[in-house]
Amino acid sequence: MKHKHITILIAVAALITLTLSAKALAAGDDGTTTKQETAATPDLSKCIHVLLETTFGNIELALYNETPQHRDNFVKLVNNGTYNGVLFHRVIKDFMIQTGDPDSKTATAGTLLGNGDLGYNIPAEIVFPKYFHKRGALAAAREGDETNPEHKSSASQFYIVTGKRFSEYQLEKMQERIINQEKSKIFDELAAQRKNDIEMMRSMGDETALRGLESIIKAEVEKIYKEKHKDDKPLTFTPEQIAAYTTIGGTPHLDTQYTVYGEVVSGMDVVDKIQNVTTGANDRPVDDVRIISAKVLQTKQ
């Protein structure tokens, strides 16, 4: 089983490699459950709450009702003791803290963690833009796109976002690069279909023909892109996202790629203590940080 991960993109790379495509806002054809919801503050009083007692203090989580499969699975694992004793095995400052690997309970120092799981996945429940990767968001880890194009979630591994703040200018540039990246992907796919022609032109040194073919492909890209998004709204961050990412921060490049199914209600100071610990190889804390126990606090629906 491949390592359950959350993609980390730093500095310029974080602005260039975003995948917040408009298509991801609608229900996909690949089995991914993706809902377009109006961004609004959820009523957390109607959510199930879970308390994580950690070696650094308590973290209280609220589980969203709009992600019922993730909510119910999390509650099941809490009730059967799956999270009791697991380590925060991957911690990256200004990004996130990750836990839930069942193999971490008895792991010795230096052991590579992140591959453990429970033998099943949960279909993606991406409720965007209502729920996004703001600071304090609870989200499911998963295997990478190469083996998991449907964005199915790990059964047990999850992460809590710490992230960083972005300026409105940075968010504007992200939006521009979102479009450019998708067009670049379409261009590469079309160019691959003409691989033999391109190689022949190159072997003949025919730069004129290559430039002509490039123009033809670019025109096809524009046509495909417009057709693909003819019914979409403009690619923009919602006011709620802009407010969150410019004030408390988060990890916007993860939006639409991972299921956000809850948030921290209290204990972000504990999360910050954990994100600031010294880490070694594979971002594992040098000194173990553990969930001592987890329990359901509230089941009001």
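Which residues does asparagine 148 touch, not counting residues up to four places away in sequence? The points below take up that residue, then strand E10. The model is predicted.

1. Contacts of asparagine 148. Setting aside residues up to four places away in sequence, asparagine 148 touches Arg142 and Glu143. The residue sits in the loop between E8 and strand E9 (153-154).

2. Burial of asparagine 148. Its relative accessibility is 5%. Buried means under 20%, so asparagine 148 counts as buried.

3. Polar contacts of the asparagine 148 side chain. Two backbone oxygens are worth checking in the viewer. A polar atom of the side chain lies 3.3 Å from the backbone oxygen of glutamate 143. The side chain also reaches the backbone oxygen of lysine 152, at 2.9 Å.

4. Faces of strand E10. This strand spans residues 158-161, and both of its faces are covered. Phe158 and Ile160 are buried on one side. Tyr159 and Val161 are buried on the other.

5. Pairing of E10 with E5. Strand E5 covers residues 96-99. E5 and E10 pair in the antiparallel sense, over 4 bridges. Within this pairing, threonine 99 stands opposite phenylalanine 158.

6. Pairing of E10 with E8. Strand E8 covers residues 137-140. E8 and E10 also run antiparallel, joined by 3 bridges. Here alanine 140 has phenylalanine 158 as its bridge partner in E10.

7. Phenylalanine 158. This residue ties the last points together. Phe158 is buried, stands opposite threonine 99, and is the bridge partner of alanine 140.

Technical notes
Residues numbered from 1 in each chain as written. Predicted model: local features only at pLDDT ≥ 70, side-chain atom pairs only at ≥ 80, totals over all residues. Heavy atoms only, no water. Buried < 20%, exposed > 50% of the residue type's maximum accessible area, 1.4 Å probe, protein only. Helix = DSSP H or I, 4+ residues; strand = E, 2+ residues; numbered from the N terminus. Pairing = 2+ DSSP bridges. Polar contact = N/O pair within 3.5 Å; in protein donor to acceptor, adjacent residues only side chain to side chain. Contact = heavy atoms within 4.5 Å.
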